[in-house]
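I opened my notebook to look around inside a protein, one part at a time. Here is the model I worked from.

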Amino acid sequence: MKSDRLDSDRLARVIAYHQASKHHPDRYAPGPGGLDWANQPDPFRRFAGAPRIELPLRADSLSIPFESVRRGERPTPYPLERHSLAMLFELSLGLSAWKQHGGSRWALRCNPSSGNLHPTEGYLICPALPGLTAGVHHYLSHDHVLEQRAAPASTGWGSELRGGVVVALSGIHWREAWKYGLRAYRYCQHDCGHAIAAIAYAATALGWRARLLDGWGDDQLAALLGLNRAEDFADAEPEHPEIALWLGPEPPPANLSPATLAHELSFTGHANRLSHSRRDWRGIAEADRAAHRPNALPSPPFQPTAYPPPTKSGCVASAAELIRQRRSAVAFDGVTTLPAERWFGMLDALLPRPEVPPLNAWPWPPRVHPLLFAHRIEGIAPGLYLLVRNGEKLAELQAALHGEWEWARVEPAPAHLPLYRLSTGDAREAAQVISCHQDIAAASCFALGFLTEFADPLHDRPWVYRELFWETGLLGQILYLEAEAAGIRATGIGCFFDDALHRLLGLEGLGWQSLYHFAVGGPVEDRRLQTLPPYTHLNRSRTSPD
């Protein structure tokens, strides 16, 4: 009974945060009120005193086409060793380019981030492997190195990891809060979802499978990564545990336990301070405590629908090339059109399939259903459309959306694609207004809001709040790469008027909420910016065999 009351209180605090962090046409969610550029957080976390392992830059040696990766066609698995894990990090959490304008220079990464602020940190937990020592390692993308945070006391440590490794993710809320204030907690969860997908794509390119370890709780993960060691973060902004993934050619062993792995570890290193001062947003801290993930709650197995293989995209780029060329569009041209078959192919990639990344890493049934504002799709009438990713939710959605909606299957679409036309008509103004009046939502080929099951998944499980945002970020990463494969570009939209979209659809209450917006179209390039290769600042060749 006491546990029920605690869960109810935690859920109430999650809901309170969600409501308080909404933008409205007449007022925005609480924010900093201006940007203190002198206090902008360092985008790179370092652990002073931790031993460093240099990683070779070998991603160019991967010849697998992106078309094969997006269809789940794996090469012969690469061996688990330093070179292959270097490629994994290079293509998931590594730098993709530097941008330069005037006296300013900033790095881009393969995993996108709200405002390019990068709250997500990555860790490797591995046994002794060729070229790598056993233990817990932090990945520093700026230098493309592993910093060994923890070493085991015994040579037998990590025996249960044979056949795979674990990559874990954490979040630094301050990096987003510096710019976005209260709403930053949402963006940290979006970014975690993008990172999950980026890792799953890179793993597939290496012939491995990725799987979320959904039974690992926050306390256990924090202990394994050393995030609970106050002495190591004395002057530094804290990191918060998010999720861990198993990677390798074999499935994760049944006895894999973070508590067991955390035994007999000796930690080294102290985290750097990212800003000289920071503002603590009480609402973010309360939401994080309320959404704390308990231990040992693995999900029942989810079996996706047996969809046919994803529609071919026609992309000829290698996986490494396409992953590194991904960019967030800053503006769209308002004239580019997208062939209907490519639109259908992009939406088809959002359906779960057991062997296709990144959704093969996702252990839960689909809870996110994209609402599409179609503007410039060849052969498709402009209007509102809905992709129902879980057919069992169709009747529930039809009951929840109040209004004169058509609910007509889109006939030119593949028979297996659950795409429904809600209404026809010019939806550009609605998309723009709802997306905080941003032109990019109207100038795109299509924009979308990730309509998400909300109240039911959160019942007695307030930590699922994070999972819902992760799923939207994961789907966003699919759209990013699918857009690149189609020769256009995408961008995530975190600023939108939540309840304005809900009113447009006739939604009432908290049964369904839109948690993330997105747009895809023909990009307008900023010619003032100079693009530089990602690792020219290092004295390491991209093809070095070392």
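**Entry 1: before I start.** I remind myself that this is a predicted model.

**Entry 2: helix α5.** I counted 22 residues in α5, and its first and last C-alpha atoms are 32 Å apart, close to the 32 Å expected at 1.5 Å a residue. Is α5 mostly covered or mostly open? I found α5 mostly covered, with 22 of its 22 residues buried. After α5 comes Gly 207, and I noted its positive phi, near 85°.

**Entry 3: Leu 247 up close.** What does Leu 247 touch, if I leave out residues up to four places away in sequence? My list has Leu 88, Gly 164, Val 165, Val 167 and Ile 199, and it goes on with Ala 203, Trp 208, Arg 209 and Ala 210.

**Entry 4: helix α15.** Next I checked the length of α15. Its 22 residues should span 32 Å at 1.5 Å a residue, and the end C-alpha atoms are 32 Å apart, so the two agree. I see that α15 is mostly covered too, as 22 of its 22 residues are buried. Gly 487 follows α15, and its phi is positive, near 85°.

**Entry 5: the second largest pocket.** I noted a volume of about 520 Å³ for the pocket. How many residues line it? I got 28, and nearest the centre lie Phe 302, Trp 364, Pro 365, Pro 366 and Arg 367. Sorting the lining by type gave me 14 nonpolar, nine charged and five polar residues.

**Entry 6: Gly 334.** Where does Gly 334 sit? I found it in the loop that links α9 (319-325) with β13 (338-339). Beyond its neighbours within four places in sequence, Gly 334 is in contact with Arg 376 and Ala 443. I also looked up Gly 94, which is 240 residues from Gly 334 along the chain; their C-alpha atoms are separated by 32 Å.

Terms used
Residues numbered from 1 in each chain as written. Predicted model: local features only at pLDDT ≥ 70, side-chain atom pairs only at ≥ 80, totals over all residues. Heavy atoms only, no water. 1 Å grid on protein atoms, 1.4 Å probe; cavity = no way out; pocket = protein on both sides within 12 Å on 5 of 7 lines; lining within 4 Å. Points joined across faces, edges and corners; volume = space filled by probe spheres on them. Nonpolar A, V, L, I, M, F, W, Y, C, P; charged D, E, K, R; others polar. Contact = heavy atoms within 4.5 Å. Helix = DSSP H or I, 4+ residues; strand = E, 2+ residues; numbered from the N terminus. Expected span 1.5 Å × (residues − 1). Buried < 20%, exposed > 50% of the residue type's maximum accessible area, 1.4 Å probe, protein only.
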